[in-house]
Amino acid sequence: MTAVLEPALRSPGREVDRDAALRRAAARVLLSNWTGAATVPSRTLYPHQWSWDSAFIAIGLARLAPRRAQRELETLLGAQWRDGRVPHIVFNPSVPLDAYFPSPDFWRSSGAGAASGAPADIETSGIVQPPVHALAAWQVHLADPAESRRRGFLRRMYPRLAAWHRYLAASRDLGGGGLAAVVHPWEPGLDNSPVWDAALARVEPAAPESFRRADLDHSSAADRPTDLDYGRYVRLAADYRDHGYDDARAPHAFALEDPCFNALFIASEHALAEIAAAAGADPAPHRRKAAEATAALVERLWDPAAGIFLARDLTTGEAVGGHSVAGLVPLIVPGLPEAVARSLIATAQGERFGLGRVHLVPSYDLTAPEYDGNRYWRGPSWFNTAWLVHRGLRQHGAAPAADALREQALDDALRTGFAEYVEPHSGQGRGIRRFSWTAALALDLLHRTPQGEPAR
Ligand code: DGY
């Protein structure tokens with residue numbers, strides 16, 4: 001258990017002390033969660049390599065050890081499937097099977113996924129997570145361009161990242177409208193968000209005695225998804241596996257277009273254009289794809305009356321889910337229409353998210369009956385979405401709001417011992433501590449340009 005540290009006070013001397021303490025403590029978390037080839041999100045709750053965690057971790061690790069940050073992404077993409085998918089978990093064979101559920105013997109990727117191109121020699125899950133990777137690779141390159149060029153980092157990453165994006169654009173455009181669909185609530189990364197409730201209610205849960213959760217060994221049950229949620233997660237993953245993880249054959253009882261997933265795709269497609277140019281390839285197709293996907297995002301998911309992007313359930317064709325932080329994340333999309341960006345900022349600052357008045361950005365509408373400030377993605381504020389909203393605010397000219405969010409994220413990260421998430425009203429840490437992306441993103445937020453400006 002990590003000691004809870006005192007909040008920093010707002011005076012310049014204190015801030016210098018806080019920043020130095022934070023840098024040291026964050027570095028310690030990342031060093032102790034490094035396995036030799038990648039970083040575990042947590043030694044206890046998540047003892048393997050996770051896809052979007054690694055992308056966020058690489059962004060922060062680049063401020064500490066750029067070469068290690070390159071390695072983080074190389075290890076993840078080393079487990080890429082031949083169809084282009086980047087699996088959401090890469091299993092470490094030296095970790096006991098019962099340390100995490102669902103374990104490799106549940107996913108059986110090298111067998112069940114062989115026809116979809118799963119690696120024969122590395123076990124992985126068969127679903128994916130949001131495509132933050134090209135954005136991360138570009139940030140990692142920028143942190144030390146000379147070392148990146150010396151190691152041919154972008155030249156090696158480019159074909160893999162491009163294949164990943166092609167997989168999403170081709171095999172996952174299940175709605176036919178130019179956006180990627182998620183087929184399991186773990187894919188958008190916001191596992192138990194109320195956004196999925198209606199779609200999940202149609203899924204017959206797996207029998208409770210057919211599996212054993214390992215997460216409750218390490219985290220309070222009140223902070224985690226319920227057993228009923230887990231029954232449905234297991235059913236959906238088993239169905240996908242039993243259809244060979246083949247998107248054309250799988251029944252996809254759960255298929256939704258999520259604004260956060262697609263916004264990250266677009267931001268990464270812009271990064272892919274930069275990577276292509278630096279690697280001697282043609283950036284134009286990536287710029288075109290980013291523009292097309294931005295138009296599709298606005299056309300299919302923007303709700304002007306609600307002032308937020310909503311998910312679309314492809315089974316019913318309906319917009320679902322109400323106000324989730326996922327609907328604010330498109331603020332990071334370069335070239336988002338200015339009126340949409342302004343409306344999103346107003347929503348973030350309104351009563352549903354209370355930006356500037358509560359801790360960070362709640363994962364769900366503070367005023368909704370489904371809101372639960374302790375339970376994972378049903379209300380708590382997370383550091384990765386705060387980092388994304390911070391980036392979006394800065395990009396759209398809301399520097400004072402961005403600065404305030406940054407300061408609060410730094411305070412909360414240090415004070416909570418790098419909690420996985422915080423209760424929005426009290427700011428108390430929830431979930432586990434020493435969580436890697438909390439430490440990594442704090443390191444990134446601490447970084448200043450040579451002119452003393454916060455980094456973009
Ligand atoms: C978990 O295990 O809780 C993850 O969020 C799914 O990858």
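Start at the ligand and show its shell: the residues around it divide into 6 nonpolar, 1 polar and 2 charged. In this count Ala, Val, Leu, Ile, Met, Phe, Trp, Tyr, Cys and Pro are nonpolar, Asp, Glu, Lys and Arg are charged, and the others, Gly among them, are polar. The structure is a predicted model, in which local features need pLDDT of at least 70 and side-chain atom pairs count only at pLDDT 80 or more, while totals for chains, interfaces and linings use all residues. Residues are numbered from 1 along each chain as its sequence is written, and side-chain values use heavy atoms, with hydrogens and water left out.

**Stop 1: the ligand**

Select Tyr46, Trp50, His88, Tyr100, Trp186, Asp191, Arg224, Tyr230 and Tyr376, which surround the ligand. A residue is near a molecule if one of its heavy atoms lies within 4 Å of it.

Now look at polar atoms. A polar contact is a pair of N or O atoms within 3.5 Å; within protein, one must be able to donate a hydrogen and the other to accept it, and residues adjacent in sequence count only if both atoms are side-chain atoms. Draw a distance from the side chain of tyrosine 100: an N or O atom there is 2.5 Å from an oxygen atom of the ligand. For tryptophan 50, the distance from a side-chain N or O atom to a ligand oxygen is 3.0 Å. Tyrosine 376 has a polar side-chain atom 3.1 Å from an oxygen atom of the ligand. How much of the ligand does the protein bury? Taken alone the ligand exposes 230 Å², and the protein buries 95% of that. These areas come from the Shrake-Rupley method with a 1.4 Å probe; for residues, only the protein chains shown count as cover.

Hide the ligand and look at the space it takes, which is the largest cavity. A cavity is a set of points, on a 1 Å grid over the protein atoms alone, where a 1.4 Å probe fits but cannot get out. A molecule sits in a cavity if more than half of its atoms lie within 2 Å of its grid points.

**Stop 2: tyrosine 376**

Stay with tyrosine 376 and find its loop, between helix 13 (338-349) and strand 9 (381-382). Helices (H or I, at least four residues) and strands (E, at least two) are DSSP runs, numbered from the N terminus. The phi of tyrosine 376 is near 50°, a positive value in a residue other than glycine. Is tyrosine 376 buried or exposed? Tyrosine 376 counts as buried because its relative accessible area is 4%; buried means under 20%, exposed over 50%, and partly exposed in between (1.4 Å probe, protein chains only).

**Stop 3: two loops**

Select phenylalanine 101 and proline 102, which are joined by a cis peptide bond with omega about 0°. Proline 102 lies in the loop between strand 2 (89-90) and helix 4 (104-107).

Next, select threonine 124 in the loop between helix 5 (109-112) and helix 6 (133-143). Threonine 124 is buried, because its relative accessible area is 0%. Its side chain makes a polar contact of 3.1 Å with the side chain of tryptophan 81.

**Stop 4**

Select residues 436-446, helix 16, where 11 of its 11 residues are buried. Among them are Trp437, Leu441 and Leu446. Aspartate 444 is also found in helix 16, and it is buried, with a relative accessible area of 4%. Draw a line from aspartate 444 to alanine 296: the two are 148 residues apart in sequence and 31 Å apart in space, C-alpha to C-alpha.

Arginine 434 is in the loop between strand 11 (429-430) and helix 16. Arginine 434 has a positive phi of about 55° although it is not a glycine. It is partly exposed, because its relative accessible area is 32%.

Glutamine 408 counts as buried at 19% relative accessibility.

**Stop 5**

Select aspartate 17 in helix 1 (residues 12-32). Aspartate 17 counts as exposed because its relative accessibility is 52%.

End at alanine 284, found in helix 12 (residues 284-301). At 31% relative accessibility, alanine 284 counts as partly exposed.

Definitions and conventions: On a 1 Å grid over the protein atoms alone, a cavity is a set of points where a 1.4 Å probe fits but cannot get out, and a pocket is an open set with protein on both sides within 12 Å along at least five of seven lines; lining residues have an atom within 4 Å of a point.
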